[in-house]
Amino acid sequence: MNIKSSTPFPTAALIGGEWVTSKKTFPVLDPATGDKLADVPDLTPDDAKRAIDAAHQAFPAWAAKPAKERAQILRKWYDLIIAESEALAQLMTAEQGKPLTESRGEVAYGASFIEWFAEEGKRAYGHTIPTTVASRRYVTIKQPIGVCAAITPWNFPIAMITRKVGCALAAGCTIVVKPSEETPLCALALAKLAQDAGVPAGAFNVITTLDSPAVGKVLTADDRVRKLTFTGSTEVGKILYRQCADTIKKLTLELGGNAPLIIFDDADLQQAVAGTMASKFRNAGQTCVCANRILVQAGIFDKFVAALKEAAGKLVVAPGRDAKSTVGPLINADAIEKVKSLLSNAVSQGAKVEMGGKPDDHGALFFSPTVVTGVTADMTIANEEIFGPVASLIRFETEADAIRIANNTPFGLAAYLFSQNVSRAWRVAEALEAGMVGVNEGVFSNEVAPFGGIKQSGLGREGADEGLNEYLETKMICLGGMNA
Ligand code: ADP
């Protein structure tokens with residue numbers, strides 16, 4: 001790896017302030033080339049327990065620090081990330097594959113959570129409550145939940161960590177993070193910068209492992225871990241939810257989606273195409289809020305298909321480090337196989353590939369931007385996350401049809417609609433079963449707005465004031481004998 005940063009980024013794990021290596025390691029690969037970038041420790045369930053010990057030990061002192069002091073440390077962490085943003089972006093592109101422009105965007109987006117929560121931690125207000133009895137007074141105070149565990153995915157290797165860790169630390173919690181085995185280097189780099197910023201030993205630990213199920217069991221079984229925050233597939237989310245039952249942990253689950261993106265006849269065509277492109281092809285289609293089903297009303301269908309093909313034809317498939325790249329590789333061979341199989345299944349049931357539809361010559365993990373029409377709501381491609389650069393179009397007739405099709409899924413993360421009619425936009429936004437709705441917008445996630453899903457897309461919210469609350473407990477104090 002040839003990345004210029006002021007200090008080299010670590011390839012060891014961080015437990016209790018110590019950089020930990022192990023005899024057993026696993027390689028981190030560049031998905032664009034298959035080249036090995038580094039070896040990182042393949043830690044064990046015992047190491048996970050040591051990380052919990054460290055977080056447990058660090059908790060009382062970190063929780064007791066005035067919020068303002070925690071905020072100053074977090075602000076320093078933010079500043080260090082910004083100072084290293086170009087090196088972090090290059091590291092992200094190397095291990096995750098996304099185009100450099102997107103990596104730069106993610107570093108800024110990821111850092112924004114730390115900046116936001118550094119401020120927001122100072123505002124963990126309780127209430128005073130008008131009394132029911134003359135001799136009593138009631139107040140609530142907010143206290144950190146305690147030791148937290150985070151399990152994070154590979155598609156946003158920085159933002160999915162800062163969104164959890166920035167918030168946990170601001171609230172006064174300590175945390176153990178298990179990053180995805182595909183993208184551990186960004187997590188370790190963040191931990192190094194946090195350490196440099198003065199986050200104390202044990203407050204933020206990172207354990208790298210290939211044995212996620214075994215480490216996950218330790219993190220979920222330990223009673224000292226009071227909260228689990230997970231971003232990943234619904235399948236793994238369900239396993240972790242069950243595992244947390246025995247110790248009644250608090251949970252934030254950011255799981256899969258099956259986002260509908262609805263284009264009505266009265267949409268602004270250019271706006272609809274730009275929004276669809278941003279929602280669909282960002283990160284090569286590998287986000288849980290990517291438009292998975294593009295529902296297009298009959299009156300605008302042909303015009304929209306033509307305009308979308310024109311826009312998708314301008315995408316540049318290339319390794320993310322290439323300045324011209326707008327679509328990088330998918331993360332691994334399974335991802336390519338999944339896209340291929342969803343497409344061939346759809347085509348066998350009557351869908352039509354309008355463009356793309358096949359792997360790209362740049363390397364084993366590249367796939368051409370694809371537009372497919374003739375998709376129906378019962379096809380597998382309309383019911384599973386594609387997680388690839390494939391725009392899958394369903395034609396519909398009426399507003400009621402669109403709402404029915406959009407909501408006919410167990411998922412409810414993001415939804416999008418395009419219409420210039422404000423009454424329709426409001427009516428449909430209210431009717432969509434989703435935690436987040438973009439109206440005439442294809443990308444909306446940021447630090448000030450709550451992110452999260454309903455139905456099987458998850459529990460809780462990240463970012464915003466609601467995000468901070470997820471790491472706090474409310475304690476009611478009743479002060480009696482006041483008129484004695
Ligand atoms: P994706 O399909 O996006 O890779 P996963 O849900 O498989 O989503 O992975 C998200 C995170 O969950 C990763 O860090 C992965 O290592 C971890 N993971 C996968 N299986 C388990 C498990 N059984 N227990 C705990 N963590 C797991």
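**Helix pairs and a ligand site**

Helix 3 (residues 85-96) and helix 6 (residues 184-197) have axes that come within 8 Å and cross at roughly 155°. That makes helix 3 roughly antiparallel to helix 6 (angles under 35 degrees count as roughly parallel, over 145 as roughly antiparallel, 65 to 115 as roughly perpendicular and the rest as oblique). This is a predicted model, where local features need pLDDT of at least 70 and side-chain atom pairs count only at pLDDT 80 or more, while totals for chains, interfaces and linings use all residues. Residues are numbered from 1 along each chain as its sequence is written, and side-chain values use heavy atoms, with hydrogens and water left out.

**Helix 3 with helix 6**

- On the helix 3 side, L88, L91, M92 and E95 make the contact, and helix 6 brings P184, L185, C186, A189 and L193 (contact means heavy atoms within 4.5 Å).
- Sorted by class, the contact of helix 3 with helix 6 has eight nonpolar residues, no polar ones and one charged (Ala, Val, Leu, Ile, Met, Phe, Trp, Tyr, Cys and Pro count as nonpolar, Asp, Glu, Lys and Arg as charged, and the others, Gly among them, as polar).
- Helices here are DSSP runs of H or I, at least four residues, numbered from the N terminus; axes are lines fitted to C-alpha atoms over the stretch in contact, with angles from 0 to 180 degrees between N-to-C directions.

**Helix 2 with helix 5**

- The axes of helix 2 (residues 67-83) and helix 5 (residues 159-171) come within 9 Å, crossing at roughly 155°, so these two are roughly antiparallel to each other.
- R70, L74 and W77 of helix 2 meet V165, G166, L169, A170 and A171 of helix 5.
- That contact of helix 2 with helix 5 has six nonpolar residues, one polar and one charged.

**Helix 12 with helix 13**

- Helix 12 (residues 399-407) packs on helix 13 (residues 422-431) at an angle of about 30°, with the axes 10 Å apart.
- That makes helix 12 roughly parallel to helix 13.
- The crossing of helix 12 and helix 13 is right-handed.
- E399, I403 and N407 from helix 12 meet R424, R427, V428 and A431 from helix 13.
- By class, the contact of helix 12 with helix 13 holds three nonpolar, one polar and three charged residues.

**Around the ligand**

- There are 16 residues around the ligand, and T152, W154, E181, S212 and S233 come nearest (a residue is near if one of its heavy atoms lies within 4 Å).
- In the side chain of W154, an N or O atom is 3.0 Å from an oxygen atom of the ligand.
- For E181, an N or O atom of the side chain is 2.6 Å from a ligand oxygen atom.
- S233 has a polar side-chain atom 2.6 Å from an oxygen atom of the ligand.

Methods:
Polar contact = N/O pair within 3.5 Å; in protein donor to acceptor, adjacent residues only side chain to side chain. Left-handed = near helix turned anticlockwise from the far one by under 90°.
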